[in-house]
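Work through the exercises below with the sequence and the model open beside you. Try each task before reading its solution.

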Amino acid sequence: MHPNKGFFSMNGPWLSILIPVYNVTKYLGDCFQSILSQIDSGVEIIVLDDCSTDDSLQQLRRIVEASAHPITILQHEQNRGLSAARNTLVKHATGKYVWFIDSDDALNGGAIAGLREITRQHAPDLVMCDYELWDADGLLARGKKSHHIQSFGGRANVVHTDAELLFSGLYQYGKLHAWSKISKRHLWEDGLQFPEGKYFEDMVTTPRLAVKVSTFYYLNVAWVRYRKRGDSILATFTPKKIEDMLSGVEGVLSLWQQKFPNMRIKTRYYFIRYCIKIYLSALKERQRFNIKFKVNSSENRNRLFHAIGMGRRGLVKHYLLSGDLFRLIKAFKVIG
């Protein structure tokens, strides 16, 4: 099924909403209702079923049949995972902007109108928003922090042109997920892709998307309702997932240093802090799996030092200059 070409302006849709689907029958109604209830005529919706084994495809077809707004359904011939699904979706997108929405999540009211206003007024390369945390039953999770989770460390409601601030702000909070980032489609046109076959794909893709950005806009409004599920892909760890998490930070700093050889200490510190958090998480999960993982071993220590582009002395210096003695003590669990 393809959208009616006359439905969009002569220049095509201003936004492509891209939704990968795999075994989420229970959540599809909420996801699509939240989008269709606020969509405008300049938005295309493309959904890809990655060979679901439940009723997801049939549910999608029922949603399309009942919708007054055109929806394109794509299918993979075999299950290839989230990264491949997103890559296929962006390949078929025609909008000026693309927004990846996970099929078990939903949009809050006013999100699309708010995005359109920002893109009309400022046309930034990248727009970032905040989110809420919901449980599997569609209820707002307990705790104040669940009501509004900040995704970026930087001034809101202004157009930014300082690309180093983008790098710093992303790693200050470490919220690299694709669904809180809306980007111009042309940023994906020169070979940028999600790494097929890997978990934590956003850790790889988001910094490589961001390095291409010239202008960006952060809105401190929770546009997305993120659903935390006990049966989600990342709810449980495996050795493969641990390895993909560790490798997700590798190569990022060297890429950004090509653009900023004299990176600010604070910027470097936020990236170091994020990497330490990742390595501590890996340690915790490996211990749970009883995988031999000696944090003082030269192999793991050197892997961390390579990711952050410095040794123990430089790492300690950045923590001290940032006045973060508490996190430095935690970091020694990794660096020894």
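**Exercise 1: The cavities**

Sorted by class, the residues lining the second largest cavity are two nonpolar, one polar and five charged. The model examined here is a predicted one.

Task: Find which residues make up this lining, and state how much space the second largest cavity holds.

Solution. 
1. The second largest cavity holds about 40 Å³ of space.
2. Its lining consists of Asp30, Asp104, Asp105, Ala106, Trp134, Gly138, Arg225 and Arg227.
3. Asp and Arg count as charged, Ala and Trp as nonpolar, and Gly as polar. Sorting the lining this way gives five charged, two nonpolar and one polar residue.

Task: State how many cavities of 30 Å³ or more the whole structure has, and describe the lining of the largest cavity.

Solution. 
1. The search finds two cavities of 30 Å³ or more.
2. The largest cavity holds about 70 Å³.
3. Phe100, Ala178, Lys181, Ser183, Trp188, Phe194, Asp202, Thr205, Thr206 and Leu209 line the largest cavity.
4. By class, this lining has five nonpolar, three polar and two charged residues.
5. Strand E8 (181–184) and helix H7 (201–210) each give at least two residues to the lining. The largest share, four residues, is from H7.

**Exercise 2: Helix H6**

Task: Decide how many residues of helix H6 (residues 163–173) are buried, and name what covers them.

Solution. 
1. A residue is buried if its relative accessible area is under 20%.
2. Eight of the eleven residues of H6 are buried, and the helix is mostly covered.
3. The buried residues are Ala163, Glu164, Leu166, Phe167, Ser168, Gly169, Leu170 and Tyr171.
4. Their cover includes strands E6 (126–134), E8 and E9 (216–227), along with helices H7, H9 (252–259) and H10 (265–288).

Task: Describe what is found at the N-terminal end of H6 and what follows the helix.

Solution. 
1. Aspartate 162 caps the N-terminal end, with a side-chain oxygen 3.1 Å from the backbone nitrogen of glutamate 164.
2. Glycine 174 follows H6, and its phi is positive, near 65 degrees.

**Exercise 3: Valine 334**

Solution. 
3. Asparagine 300 is 34 residues away from valine 334 along the chain, yet their C-alpha atoms are separated by 8.5 Å.

Notes. Residues are numbered from 1 along each chain as its sequence is written. This is a predicted model: local features need pLDDT of at least 70, side-chain atom pairs count only at pLDDT 80 or more; totals for chains, interfaces and linings use all residues. Side-chain values use heavy atoms; hydrogens and water are left out. On a 1 Å grid over the protein atoms alone, a cavity is a set of points where a 1.4 Å probe fits but cannot get out, and a pocket is an open set with protein on both sides within 12 Å along at least five of seven lines; lining residues have an atom within 4 Å of a point. Grid points are joined across faces, edges and corners, and a volume is the space filled by probe spheres set on the points. Buried means under 20% relative accessible area, exposed over 50%, partly exposed in between (1.4 Å probe, protein chains only). Contact means heavy atoms within 4.5 Å. A polar contact is a pair of N or O atoms within 3.5 Å; within protein, one must be able to donate a hydrogen and the other to accept it, and residues adjacent in sequence count only if both atoms are side-chain atoms.
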